[in-house]
Amino acid sequence: MVGSEETEAQVKPAVRRAKPRGRPRSFDRATALEKAILAFWEHGYEATSVSDLTRVMDIGAPSLYAAFGDKRSLFEEVVREYGVRYGSFGDRALAEEPTARAAVERMLREAAAEYTAPGHPHGCLVIHAATNCSTPEVEESLRGRRNANIAALESRIGADIAAGELPAGTDAAALARFTGAVIQGMSQQARDGASREELEAVAEIAVTIWPRT
């Protein structure tokens with residue numbers, strides 16, 4: 001009997017040690033991603049650390065890496081999701097308006113509204129996140145997105161020139177880049193505290209320089 005008691009005493013601790021550990025904490029991925037969007041939008045890519053992200057997303061670093069990859073991979077997903085949720089007004093304007101001028105007028109007015117809307121940081125994430133960015137791949141990716149937007153606008157302006165909607169001598173490249181500069185300036189002005197009405201006034205002036213047939 002003594003031998004069996006000793007054996008049981010020896011086995012019990014082993015059984016206790018073999019108990020399965022608690023399951024990892026679960027989280028809602030979409031909610032965590034939205035929090036990451038707001039963090040990068042507010043502080044930019046470089047100034048937002050992994051510890052900042054785990055804090056605002058309310059998840060541990062292992063969960064972040066398992067669900068989103070590293071910081072750069074998470075940021076790439078953030079930029080894509082931002083484009084869907086907040087930054088698609090420009091593409092919609094180009095797709096739905098009958099002329100480039102009408103598209104730009106709508107684009108600038110919607111930028112004034114979106115860049116100053118309550119409930120999220122002001123301005124544009126794709127513009128602001130590049131500030132003081134020292135990661136070449138991220139900087140190049142954001143620059144590529146901005147330049148692609150300008151190229152799409154230049155193409156639309158060129159189509160209007162060919163269709164006679166704009167004068168034949170119109171400089172499509174310069175007009176597209178001017179529009180890009182206005183949008184980028186509006187983003188920074190919004191972060192500096194400009195109101196929607198103030199940015200709408202900027203948009204109205206910007207449209208007046210467009211040439212007419």
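Predicted model: local features only at pLDDT ≥ 70, side-chain atom pairs only at ≥ 80, totals over all residues.
The expected span of a helix is 1.5 Å times one less than its number of residues. Helix α10 covers residues 172-191, 20 residues in total, and runs 29 Å from its first C-alpha to its last, close to the expected 28 Å.

Now look at what α10 hides. Its buried residues are A172, L175, A176, T179, G180, V182, I183, M186, S187 and A190. Looking down the axis of α10, you'd find these buried residues within an arc of 155°, so they line one face of the helix. And what sits over them? The cover on the buried residues of α10 includes α7 (100-115), α8 (125-128), α9 (136-162) and α11 (196-208).

Just after α10 comes G193, with a positive phi of about 110°.

Which residues does R143 pair with? One partner is E140, where the closest N and O atoms are 2.5 Å apart in a salt bridge. Another is E139, whose side chain meets that of R143 in a salt bridge at 3.7 Å, N to O. The spacing along the helix goes like this: E140 and R143 are 3 residues apart in α9, about one turn, while E139 and R143 are 4 residues apart in α9, again about one helical turn. The geometry behind this is simple: an α-helix has 3.6 residues a turn, so residues three or four places apart point the same way. As for solvent, R143 is partly exposed with a relative accessible area of 31%, E139 is partly exposed at 30%, and E140 also counts as partly exposed, at 45%.

D52 and R55 form a salt bridge with their closest N and O atoms 3.6 Å apart. They are 3 residues apart in α3, which means about one helical turn between them.

R92, E96, E97, R106 and E110 are joined in a network of them. The count for the model comes to 13 salt bridges.

Next, the loops. D58 is in the loop between α3 and α4 (61-68), and its phi is near 60°, a positive value in a residue other than glycine. With 40% relative accessibility, D58 counts as partly exposed. N132 lies in the loop between α8 and α9. Its phi is near 55°, again positive in a residue other than glycine, and N132 is exposed, with a relative accessible area of 69%.

Finally, the cysteines. C124 has 9% relative accessibility and so counts as buried, and C133 counts as buried with 9% as well. How many disulfides are there? The count is 0. A disulfide would need a pair of cysteine sulfur atoms within 2.5 Å.

Technical notes: Residues numbered from 1 in each chain as written. Heavy atoms only, no water. Buried < 20%, exposed > 50% of the residue type's maximum accessible area, 1.4 Å probe, protein only. Helix = DSSP H or I, 4+ residues; strand = E, 2+ residues; numbered from the N terminus. Arc of directions from axis to C-beta. Contact = heavy atoms within 4.5 Å. Salt bridge = Lys/Arg side-chain N within 4 Å of Asp/Glu carboxyl O.
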